[in-house]
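Here is a short report on one protein chain. Please keep the sequence and the model in view while reading.

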Amino acid sequence: MSEAFLSLAAWRGEAAKARGAFRARMRAQIAGRVEKQTKGGKPYFELEFADATGKETFRIWSDAPFFTACATLNAGDWVEFEGDFEKTNFGIEPRRLAVRALTAPEVESLLTGSPERQARLASDAADLQRLIEGMREPRLRALCLLLLARHGVRFRRAAAARTFHHARRGGLLEHTSQMMRAAEAVCIVYPHLHRDLLLAGVLFHDCGKMWECTPAEDGFGIVPNETGELLGHITIGFELANKLWTELRETPEFRTWETLEPRSEMVRQHLLHLIASHHGEYAFGSPVLPKTPEAMTLHYLDNLDAKLEMFAGAYANAKQLAPGIFERVPPLPTSPILPLPLLRESNAVPGARSSSEA
């Protein structure tokens, strides 16, 4: 066997490009195994695999030579699997599959991710810390730092969703840090926006995902839980912000802010409004609609980052219908088309700004 193996995201890219059967080798955790039957009573397994880049489900039919071996696999197992994959009416399916358990060092390596992903997440965490520490509003700054102090480890592990965008271990950190950088840029163009309130809203808007869709400390699978199902991340985030604010209010430092304008209660309410309204519409789960410039900006930044992540995923993984045109991937409303390339520097008009200067 070759020493190289693909991430699930890279496998999806290979599957999208393949015109026939192709061979691949991967390492992942089994996030779930469900035994089902066809309408004709034929048994089969649905095995869901997960790694740092996402998840993938394969059907294993009873007439496959490796069906019996797959019956011994359970959710939580760490495996390496290599096989031939082929497009069928049911999607991409394995035709031959060899599976072995991973060693402890291999599991640890898979959990921490590639050096490139580790560097990306470290950079995202540093940007988050930089922007929070640069806040001038002392109450919001202290509240954001308290969130990271209490729940930073869980925050960095959480996913931003179960499907569609940033649905992977570390996805919440990626989503939030990108939105924070975007918020910083938007506030330069629209200086009347309350920069610190918007940054705090970005940090807190999806903090309920730490309980709604967070993998276990030693896993990738995002398993539904009672808290997330009963309350949802908006309600959980609203409650968490209030709880941390109450804790902050008991500190000696908070008493020195009682004379500040605007009053602390107004600051708290505006932050809670951002959390409650960030989905933008009642139909999408917002208990209230955005009623301030910061709330509307947060809603659009959230939607923008999610949609651009969906485009990136479609370009990497979706089937190409024609050169540069990809199969629609829900919830995107249309078939994605490759964007216009940047002007090559060798073709630039003399005296015009380069793309790096623009």
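**Overview**

This is a predicted model, in which local features need pLDDT of at least 70 and side-chain atom pairs count only at pLDDT 80 or more, while totals for chains, interfaces and linings use all residues. Residues are numbered from 1 along each chain as its sequence is written, and side-chain values use heavy atoms, with hydrogens and water left out.

The protein chain has 12 helices and 7 strands. Helices (H or I, at least four residues) and strands (E, at least two) are DSSP runs, numbered from the N terminus. Along the principal axes, the C-alpha atoms fill a box of roughly 75 × 60 × 40 Å. Of the 358 residues, 46% are buried. Buried means under 20% relative accessible area, exposed means over 50%, and partly exposed lies in between (1.4 Å probe, protein chains only). Among contacts with a separation of 6 or more, 57% join residues 24 or more positions apart. Contact means heavy atoms within 4.5 Å.

Two packed helices are described by the angle between their axes and the distance between the axes. Axes are lines fitted to C-alpha atoms, for helices over the stretch in contact, and angles run from 0 to 180 degrees between N-to-C directions.

Take helix H5 (residues 138-157) and helix H11 (residues 264-277). Their axes come within 10 Å and cross at roughly 55°. H5 and H11 are therefore oblique to each other. Angles under 35 degrees count as roughly parallel, over 145 as roughly antiparallel, 65 to 115 as roughly perpendicular, and the rest as oblique. The H5 and H11 crossing is right-handed. A crossing is right-handed if the near helix is turned clockwise from the far one by less than a right angle, and left-handed if anticlockwise. On the H5 side, Arg139, Leu140 and Leu143 take part; they meet Ser264, Val267 and Leu271 of H11. The residues of this contact divide into 4 nonpolar, 1 polar and 1 charged. Here Ala, Val, Leu, Ile, Met, Phe, Trp, Tyr, Cys and Pro count as nonpolar, Asp, Glu, Lys and Arg as charged, and the others, Gly among them, as polar.

The second pair is helix H7 (residues 195-205) with H12. Their axes come within 10 Å and cross at roughly 45°. H7 and H12 are therefore oblique. H7 passes H12 in a right-handed crossing. H7 supplies Leu197, Leu198, Gly201, Val202 and His205, while H12 supplies Glu294, Thr297, Leu298, Leu301 and Asp302. These contact residues divide into 5 nonpolar, 3 polar and 2 charged.

Which residues of helix H1 (residues 8-17) are buried? They are Leu8, Trp11, Arg12, Gly13, Ala15 and Ala16. Their cover includes strands S1 (22-37), S2 (43-51), S3 (54-61), S4 (78-88) and S5 (91-101), and helix H12 (293-317).

In helix H3 (residues 104-112), the buried residues are Glu106, Val107, Leu110 and Leu111. They cover an arc of only 135° around the axis, which puts them on the same side of H3. The arc is that of the directions from the helix axis to the C-beta atoms. They pack against S1, S4 and S5. The face turned away from that buried side carries the exposed residues Ala104 and Pro105. Just after H3, Gly113 takes a positive phi of about 85°.

**Single residues**

| Residue | Relative accessible area | Class |
|---|---|---|
| His299 | 12% | buried |
| Ala316 | 42% | partly exposed |
| Lys209 | 7% | buried |
| Ile30 | 1% | buried |

The contacts below leave aside neighbours up to four places away in sequence.

- His299 sits in helix H12. It is in contact with His278, His279, Gly280 and Pro290.
- Ala316 is also found in helix H12. It touches Arg12 and Gly13. Its C-alpha atom is separated by 9.5 Å from that of Lys17, 299 residues apart along the chain.
- Lys209 is in helix H8 (residues 209-212). Its contacts include Leu172, Thr214 and His233.
- Ile30 lies in strand S1. Among its contacts are Leu47, Phe49, Leu73 and Val79. Ile30 and Lys55 are 25 residues apart in sequence and 9.3 Å apart in space, C-alpha to C-alpha.
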